[in-house]
Amino acid sequence: AVVLVVLFAMLAFSIDVGRVIMLRSEIQNAVDAGTLAAQLKLQMDPKAIKEAEEEAKKYVWLNSVGSNLVDEDAIGVEVGTWDADTLQFNVGGSEPNAVHVFARQDDQTTSFSKVIGVHSFGAGASAIACNSTAQKRDIMMVLDLSGSMAYQGRIEALRAAAPVFVSVIEQAGGDDLIGVMGLSADPSTFDPKKSGNSCTPYNSGLHPAPNYHVGVMEQPLTDNFTMLKSSVLGASHLFASKYQGWTGTGAALGDAAHYLAYGGDARSGSSRYIVLMSDGHANRPPSNGPGYAEQMAAYAASLNITIYTISLGNDADPVLMGELAAIGGGKHFEALGVGAALIPALTAAFEKVAGEIMTTQLVK
């Protein structure tokens, strides 16, 4: 009987704890919604500061938190600038590019904690959203140049669509860098000089054996987008079987992540992305290509690198590509079809990825 009393007391108390956790989640979701809405308003018109503040309060207020709506007086909004180098928000400024929203929901009555003198509880939350052009973005395009890219118009689609991705990023006018890495090569047998190829196997030291392959650096991070579109993403650089034909998805993913985080061109305070496009199935290492790809995606995620994936053609592995994007916190897109139909499909997929990268984001 004594134990039952204790158990019932613990159960009752856990109910109130659960309500506190739920309240915190609800107030954070409400503030996130208000922050994004306000920032989108400010992005459309940097002078619409008053309208952005009203938009933030509106969206926070529309979300029910706990037992009722958030009191308008408990919602605060600040418009200012976001410094990507110091990761700091500064109120004011002549060219605002960010919004800081904060709110509280108090006076939520407890159910069972009254017996220990706790009659009410509350929770607060805050969020900062930044204009996409105020961010620094480092983007590595990881492109499949295996033997299967020679069929059904796939390599032609890649040459036509990849430059469009660069153009979308370029038009945003942000402080962005883009690089290109190919997948993939056996470092013990591939010699780019002997084969006449313009590329360099990347030595990250991540992979335990040569048959795991390595990523191949086609172009380090650069802001010379004209050169990228006209040369690196053209027929002289992008062709099927460039590195002997296999698909070491994991190696290229891991090496791209290593370069973004630790390479000589890595920038502090930048948002980092990998855009992986493949038309086939991960087959390096031979014993567990998909598993190693997932392991390297987790490695990228541990470095705060977002992964977007594109499956090209009808013979790709959308299940694995979807899993890699999910692990990396991004999204997966499919470009289906054969022949000439692949060009608009792959172009649309690259445009969607660029749009995802360029949208307003919560930065804190």
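In which hand does helix 3 pass helix 9? In this predicted model, the crossing of helix 3 past helix 9 is right-handed. The axes of helix 3 (residues 154-171) and helix 9 (residues 342-358) come within 8 Å and cross at roughly 25°. Because angles under 35 degrees count as roughly parallel, helix 3 is described as roughly parallel to helix 9.

In helix 3, Glu 170 pairs with Lys 229 of helix 5 (residues 225-232), a link between distant parts of the chain, 59 residues apart; the N to O distance is 2.9 Å. Glu 170 is partly exposed, with a relative accessible area of 33%, and Lys 229 is likewise partly exposed, at 26%. Glu 356 is partly exposed at 24% relative accessibility, as is Lys 331 at 42%.

The structure holds 9 salt bridges. One of them joins Arg 137 to Asp 176, with the closest N and O atoms 3.0 Å apart. Arg 137 belongs to strand 7 (residues 136-144) and Asp 176 to strand 8 (residues 175-185), so parts 39 residues apart in sequence are tied together. Both Arg 137 and Asp 176 are buried. Asp 138, Asp 175 and Arg 267 are linked in a salt-bridge network.

Met 10 is located in helix 1 (residues 2-44) and counts as exposed, at 53% relative accessibility.

Key. Residues numbered from 1 in each chain as written. Predicted model: local features only at pLDDT ≥ 70, side-chain atom pairs only at ≥ 80, totals over all residues. Heavy atoms only, no water. Helix = DSSP H or I, 4+ residues; strand = E, 2+ residues; numbered from the N terminus. Buried < 20%, exposed > 50% of the residue type's maximum accessible area, 1.4 Å probe, protein only. Axes fitted to C-alpha atoms, helices over the stretch in contact; angles between N-to-C directions. Parallel < 35°, antiparallel > 145°, perpendicular 65-115°, else oblique. Left-handed = near helix turned anticlockwise from the far one by under 90°. Salt bridge = Lys/Arg side-chain N within 4 Å of Asp/Glu carboxyl O.
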